[in-house]
Amino acid sequence: MMAKIELKYITKESPLLIDKKERNKGVVQTAENDSFWQLRGISLDINDGEAVGLVGMNGSGKSALLQIIAGLTQQTTGFITCPSRINLASATHGLADDQTGLENIRTKIAEADIDSFKGDHLTNGVINFCELGQWLYRPVSEYSIGMRARLSLGIALYIQPELVLIDDLFFLLDQDFFQKTAARIQRLKDLGVSFFISDSRGLNVEAFCERTVWLQFGEQQDFGPSRDVMQQYQYFIDYYYGLSLPEQNDYLAKKQQEQVDFDISHLYDEFKSEQFKQGYTRKDEPRMRKAFFVERGADPVGKTAKKEKTVNTESEPAPAQPKKSGKMGWIVTAAVILVFGGGWWFAESQQFSLSGKQASESSQVEKREKADSSSLAAAKKKSNTSSDIAASSAAKKQASEKKASSEKAASEKAASEKKASSEKSASSASSSSQEETQTVNVGDGETIGELAQKYATTVAKIQELNNMGSDINLTAGDSVKVPK
């Protein structure tokens, strides 16, 4: 259940004013007794739709606490956390005596920043509830105490009530109007409106309030279920009025002296201990002291917890990790493509280099054969022009022998190359047969380089397995051997 208002460490110090007559008698104010504490460390809260009662003897601090909550006076220390609108119903505060009853109603509506249409509706509601008749058009200063109570309750219970403070008004109402007020309070509680009700009669507190605070000489004696607190309070009343008059005076003097001697440092130490439990350290003490004695705003512990909750809630969704892993995946993929692409380019360049070398060797062989043919033709021409038959015969014989020798050498060379090629083919076939291979079909437009990259091999290896020589052309649908 959400708290409508939370009070912590509330104190109120007031000066003691000594008149001239007592000063002449020798009663002099000192640093120890020039003030007293109306309130001494009040801490409590109210939930939505809940009413909390305030009970205590006259002078216990009930009205002082309600005036602090309403913002009419400033607490000396402590924190009030309340995001809700607060309405005060009091016979002595909140009404302008120089204005009529109707003017007071319209002034409160204007302060609440309500539009004119809704303002007229609320004005009629307050008028009908108060039942003041022609007195609405007379100054409030002419009202009786009961009439002031009616007007104050009507304004507090109708003009945007969220948290309503009722300062001991019920005993001023006649029976019929009290019943009307009780029905309005119960209806507002059902709608989530919360109440602080100060009343001198315990019966009313038990009727309206789920919990009750018992104040005694500015100190919080008890806070809990109304029936239990009222029982303890009645025990005290019976005890006090059972004392003799001198005993009562001694009791009052003792308690009033306690209000003068109250040491605020003990309450501040309690506040510091709470702060240290929240993670604050000694170096934060100047800020804590300022918040406690000077700022007196909302509870800093509550604000810290709310801030941490907001930060944790905002930091829960963290979609950065998937993005990071995706980026790394792209980097790895690019590296793999570069490696395989570089290997394929190297294999292709080696293949083209080998083909160029073979073409160069073939050109040199053709040049040698052409030179031999030229020398043979020159020798033949020389033998025809010679007149010496013997020389001609010898030249023919020499040419015939040389030709035979050349043909034999060429035949032997061809046989040797053929044998070497056969052995190389046999060796290649033998080695390829020893390796594990698989047969795949060439896809439409697929090149030998793409095939090599696809099966993690080289172009030269595919040429070797398929006896392609230097050929790099593939036809769609062909069956090609590749390593497994």
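Of the 484 residues of the protein chain, 36% count as buried, where buried means under 20% relative accessible area, exposed over 50% and partly exposed in between, with a 1.4 Å probe and protein chains only. This is a predicted model, in which local features need pLDDT of at least 70 and side-chain atom pairs count only at pLDDT 80 or more, while totals for chains, interfaces and linings use all residues. Residues are numbered from 1 along each chain as its sequence is written, and side-chain values use heavy atoms, with hydrogens and water left out.

**The whole chain**

Start with the whole chain in a cartoon view. The secondary structure comes to 16 helices and 11 strands; helices (H or I, at least four residues) and strands (E, at least two) are DSSP runs, numbered from the N terminus. Of the contacts in the chain with a separation of 6 or more, 72% are accounted for by residues 24 or more positions apart. Contact means heavy atoms within 4.5 Å.

**Stop 1: helix α2**

Select residues 62–70, which form helix α2. Of its 9 residues, 7 are buried, so α2 is largely enclosed by the rest of the structure. The buried residues are Lys 62, Ala 64, Leu 65, Leu 66, Gln 67, Ile 68 and Ile 69.

**Stop 2**

Go to Asp 113, in the loop between α3 (101–111) and α4. Its phi is near 60 degrees, a positive value in a residue other than glycine. Asp 113 counts as exposed, because its relative accessibility is 69%.

**Stop 3: helices α4 and α5**

Two packed helices are described by the angle between their axes and the distance between the axes. Select residues 116–130 for α4 and residues 145–158 for α5. These helices pack at an angle of about 140 degrees, with their axes 9 Å apart. Axes are lines fitted to C-alpha atoms, for helices over the stretch in contact, and angles run from 0 to 180 degrees between N-to-C directions. α4 and α5 are therefore oblique to each other; angles under 35 degrees count as roughly parallel, over 145 as roughly antiparallel, 65 to 115 as roughly perpendicular and the rest as oblique.

Show the side chains where the helices meet. On the α4 side are Leu 122, Gly 125, Val 126, Phe 129 and Cys 130. They meet Arg 150, Leu 151, Leu 153, Gly 154, Ile 155, Leu 157 and Tyr 158 in α5. The residues of this contact divide into 9 nonpolar, 2 polar and 1 charged. Here Ala, Val, Leu, Ile, Met, Phe, Trp, Tyr, Cys and Pro count as nonpolar, Asp, Glu, Lys and Arg as charged, and the others, Gly among them, as polar.

While still on α4, pick Asn 124, which lies in this helix. Asn 124 is partly exposed, with a relative accessible area of 47%. Its C-alpha atom is separated by 9.9 Å from that of Ile 105, 19 residues apart along the chain.

**Stop 4**

Move to Gln 160, in the loop between α5 and β6 (163–167). Phi of Gln 160 is near 45 degrees, a positive value in a residue other than glycine. At 31% relative accessibility, Gln 160 counts as partly exposed.

**Stop 5: Ser 194**

Select Ser 194 in strand β7 (residues 194–198). Is Ser 194 buried or exposed? It is buried, with a relative accessible area of 0%. A polar atom of the Ser 194 side chain lies 2.6 Å from the backbone oxygen of Asn 47. Not counting residues up to four places away in sequence, Ser 194 touches Lys 4, Ile 46, Asn 47, Asp 48, Gly 49, Glu 50, Glu 162, Leu 163 and Val 164.

**Stop 6: Trp 214**

Next is Trp 214, in strand β8 (residues 211–216). Trp 214 is buried, with a relative accessible area of 9%. Its side chain makes a polar contact with the side chain of Gln 216 (3.3 Å). A polar contact is a pair of N or O atoms within 3.5 Å; within protein, one must be able to donate a hydrogen and the other to accept it, and residues adjacent in sequence count only if both atoms are side-chain atoms. Leaving aside neighbours within four places in sequence, the residues in contact with Trp 214 include Val 55, Gly 56, Val 229, Gln 232, Tyr 233 and Phe 236.

**Stop 7: helices α8 and α9**

End with helix α8 (residues 226–241) and helix α9 (residues 245–261), which pack at an angle of about 125 degrees with their axes 9 Å apart. That makes α8 oblique to α9. Phe 236, Tyr 240 and Tyr 241 in α8 meet Gln 248, Tyr 251 and Leu 252 in α9. This contact divides into 5 nonpolar residues, 1 polar and no charged.
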